[in-house]
Amino acid sequence: MSKKTYGKEFGFQTRAVHTGNDVDGETGAIKRPIVMANSYELPYDPSDLNWSGADKNIYTRNGGSNQRYLEEKLASLSGAELSQGDDCVVLGSGVSALAGLFFSLLKSGDHVVFSSVTYIAVYRLLNELFNKKFNVETTIVDTSDLAAVRKAVRPNTRLIHIETPGNPAITISDIRAIAAIAHEQGALLSVDNTFASPYNQRPLELGADFSVESLTKYINGHGDSMGGAIIGKKEQLDQIRSQAQINLGGVISPFNAWLIMRGSVTLPLRMRQHNENALKAAEYLEGIPSVRFVAYPGLKSHRGHQVAASQMSPGYGGVLSFGLKADHDTHNRFVSHLRVITSAVSLGHDESLIVFLGEKDERQYLYPPEFHDGFFRFSLGIEDPEDIIGDIDQALRKTGLL
Ligand SMILES: *Cc1c(COP(=O)(O)O)cnc(C)c1O
């Protein structure tokens, strides 16, 4: 832990700059260095060491200092307090965080409820691997419908896992209400908070037991390294750390932890621009007759707008989805005319990214009907909003849609 501590008396931006950093004891450098060594010198008699422990520097898969610095910062930004029994585990990717959470919490005979709109790996892990191979019962529910969540919960429900806003249909689920439903039944609630980032939404403060982040997205923010994090109670995270990181091997590279630490300094500054750009682009798209629908929780027309407004602040994130009144190939032609916005997967990067999700997604039956005919997931970068909107405008014209 840093000698300098930055509690909640300091603002989000101050904590994004300072938490987890300290003066390096050896050189006096005011930035902590990257430690790339795999192994650490053993004590005179190592025979009492726990080779699977995370409490002592032994081997980087047990834990490294760059990882630990980042964990301090992410706990703080997520509204967790290390001194109050909270903790954070940083792993090699968002999916390793999700897999680590599921492998550590679930056993055969348990039941899991999860959102119909989630990152694809959640569906693969829970509905295929855990269900078919490990005998974990799963129920997929539209978690924006509280009555459906209540109905899905059973006495053996161990976990409710939601994603809000959900990838890719931007559905909104009520974290406070679902936390209450879970806790009434003795179940736990995990929330994938990747689309909002802790700048806009902090699930632990709304009653969730775990907040999961793909650091690959907004928290790193520059599209150049992968990581994942789980924030929650230390008691449960100790188990997740030993299973997911030490035994399953989902450790993050110290270099990536360092890059994410650096990227995260500007999280609040970048998020303000992402929020602004996404709202402006959503409003622009809503006014275009050849746009079939726009899904962005910041729009009053979004069916989850009120719930989003009650749990997201100051903004609604940088991702929206939209569809065109056009056939399959016209969607691809539109993308081929873009010059500022790049056609690539991922989101939360500095640059704007768009991906055409065609009609063949096997999970389409789980999405609202407007998502059945092919649509775009659009991650607004931090470019000038006029250039992003101008780029869409000129591409629509070249495609004959404006
Ligand atoms: C990208 C993403 C993940 C997976 O994160 P990786 O770092 O790519 O493994 C999980 N959840 C959501 C919502 C995502 O967008």
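Contact here means heavy atoms within 4.5 Å. Keep that in mind for what follows.

Some ground rules. This is a predicted model, where local features need pLDDT of at least 70, side-chain atom pairs count only at pLDDT 80 or more, and totals for chains, interfaces and linings use all residues. Residues are numbered from 1 along each chain as its sequence is written, and side-chain values use heavy atoms, leaving out hydrogens and water.

Where does Lys-217 lie? In the loop between strand 6 and strand 7. Strands are DSSP runs of E, at least two residues; helices are runs of H or I, at least four; both are numbered from the N terminus. Is Lys-217 buried or exposed? Buried, with a relative accessible area of 9%. Buried means under 20% relative accessible area, exposed over 50%, partly exposed in between, with a 1.4 Å probe and protein chains only. Not counting residues up to four places away in sequence, Lys-217 touches Tyr-119, Thr-194, Ser-346, Leu-347 and Gly-348.

Ser-225 also sits in the loop between strand 6 and strand 7. Ser-225 is buried, at 6% relative accessible area. Beyond four places in sequence, its contacts include Thr-216, Asn-256 and Leu-259.

Seven strands form an open sheet, in the order 1-7-6-5-4-2-3, with mixed pairing. Two strands pair if DSSP finds at least two bridges between them. The edges are strand 1 (86-91) and strand 3 (137-141), each pairing on one side only. From one strand to the next, the twist averages 20°.

Helix 3, residues 94-105, packs on this sheet. Helix 3 touches strands 1, 4, 5, 6 and 7, and its direction makes about 150° with that of strand 6. Axes are lines fitted to C-alpha atoms, for helices over the stretch in contact; angles run from 0 to 180 degrees between N-to-C directions.

Look at strand 4, residues 157-163. Six of its seven residues are buried. Five bridges join strand 4 to strand 5, residues 188-192, and the two run parallel. Ile-160 stands opposite Leu-189. His-161 stands opposite Ser-190.

On the other pairing, four bridges join strand 2, residues 111-115, to strand 4, again parallel. There, Val-112 stands opposite Leu-159.

Last, helix 6, residues 175-184. Helix 6 lies across strands 4 and 5, running at about 150° to strand 5.
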